[in-house]
Amino acid sequence: MNPNCTIRRGISMLELLCAAAVISVLIAFVFELLMTTARQHQAADKRALATHELSNIAERIAMLSYEQTTPDRLDSLEVSPTVKAILPDAALQFDISEEAGDLPAKRIDVALAWGGETQAPARPLRLVIWKYQTAEATP
């Protein structure tokens with residue numbers, strides 16, 4: 001055996017610090033990835049809730065007669081309290097236009113927008129509903 005050759009057992013402090021730095025960078029990356037995924041999941045849940053609420057509002061509009069479908073009547077429709085609690089600043093906007101033709105119709109554009117105090121407002125959901133004037137049945 002060579003007396004100048006020493007057998008080294010264990011690891012040096014420098015190697016330990018380098019390993020700790022690499023592991024901490026990986027942990028930070030995984031944490032940021034998880035946070036981004038959670039935010040995207042939350043945004044998708046809010047959008048699904050808004051879609052469901054807009055569908056419910058469309059059903060309420062569908063139940064109105066052609067004559068009852070007026071801007072004043074539509075402005076009385078509101079977002080449900082459950083949705084208001086989850087979607088801050090949820091607001092409905094209606095736009096009605098009369099379409100001339102063989103069968104008179106109303107085009108109703110419904111938009112549901114919401115935002116947050118700490119985040120940028122989400123893109124509003126839009127839905128178009130057509131109401132046709134039907135001939136009254138004579139007995």
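A nonpolar core is taken here as a set of buried Ala, Val, Leu, Ile, Met, Phe, Trp, Tyr and Cys residues joined through side-chain atoms within 4.5 Å, where buried means under 20% relative accessible area, exposed over 50% and partly exposed in between (1.4 Å probe, protein chains only). The structure is a predicted model, in which local features need pLDDT of at least 70 and side-chain atom pairs count only at pLDDT 80 or more, while totals for chains, interfaces and linings use all residues. Residues are numbered from 1 along each chain as its sequence is written, and side-chain values use heavy atoms, with hydrogens and water left out.

The largest nonpolar core has 19 residues, and those with the most contacts inside it are I61, L74, F94, V110, L112 and W114. Two or more residues of this core come from each of helix 1 (13–62), strand 2 and strand 3 (125–132); helices (H or I, at least four residues) and strands (E, at least two) are DSSP runs, numbered from the N terminus. Helix 1 gives the most to the core, with five residues. Leaving aside neighbours within four places in sequence, I61 is in contact (heavy atoms within 4.5 Å) with L74, L77, F94, I108, V110, I129 and K131.

The three strands form an open sheet of order 1-2-3 with antiparallel pairing, two strands being paired if DSSP finds at least two bridges between them. Strand 1 and strand 3 stand at the edges with a single partner strand each, so one side of each is left without a neighbour in the sheet. On average, neighbouring strands are turned by 20° against each other, direction ignored. Axes are lines fitted to C-alpha atoms, for helices over the stretch in contact, and angles run from 0 to 180 degrees between N-to-C directions. Helix 1 lies across strand 1, strand 2 and strand 3, and runs at about 15° to strand 3.

Strand 1 (residues 91–99) and strand 2 (residues 105–113) run antiparallel and are joined by nine bridges. They form a hairpin with five residues between them. Q93 stands opposite A111 in strand 2, and E98 stands opposite K106 in that strand. K106 also lies over the face of Y66, at 4.6 Å from the ring centre; for this, NZ of Lys or CZ of Arg must be within 6 Å of the ring centre and within 35 degrees of the ring normal.
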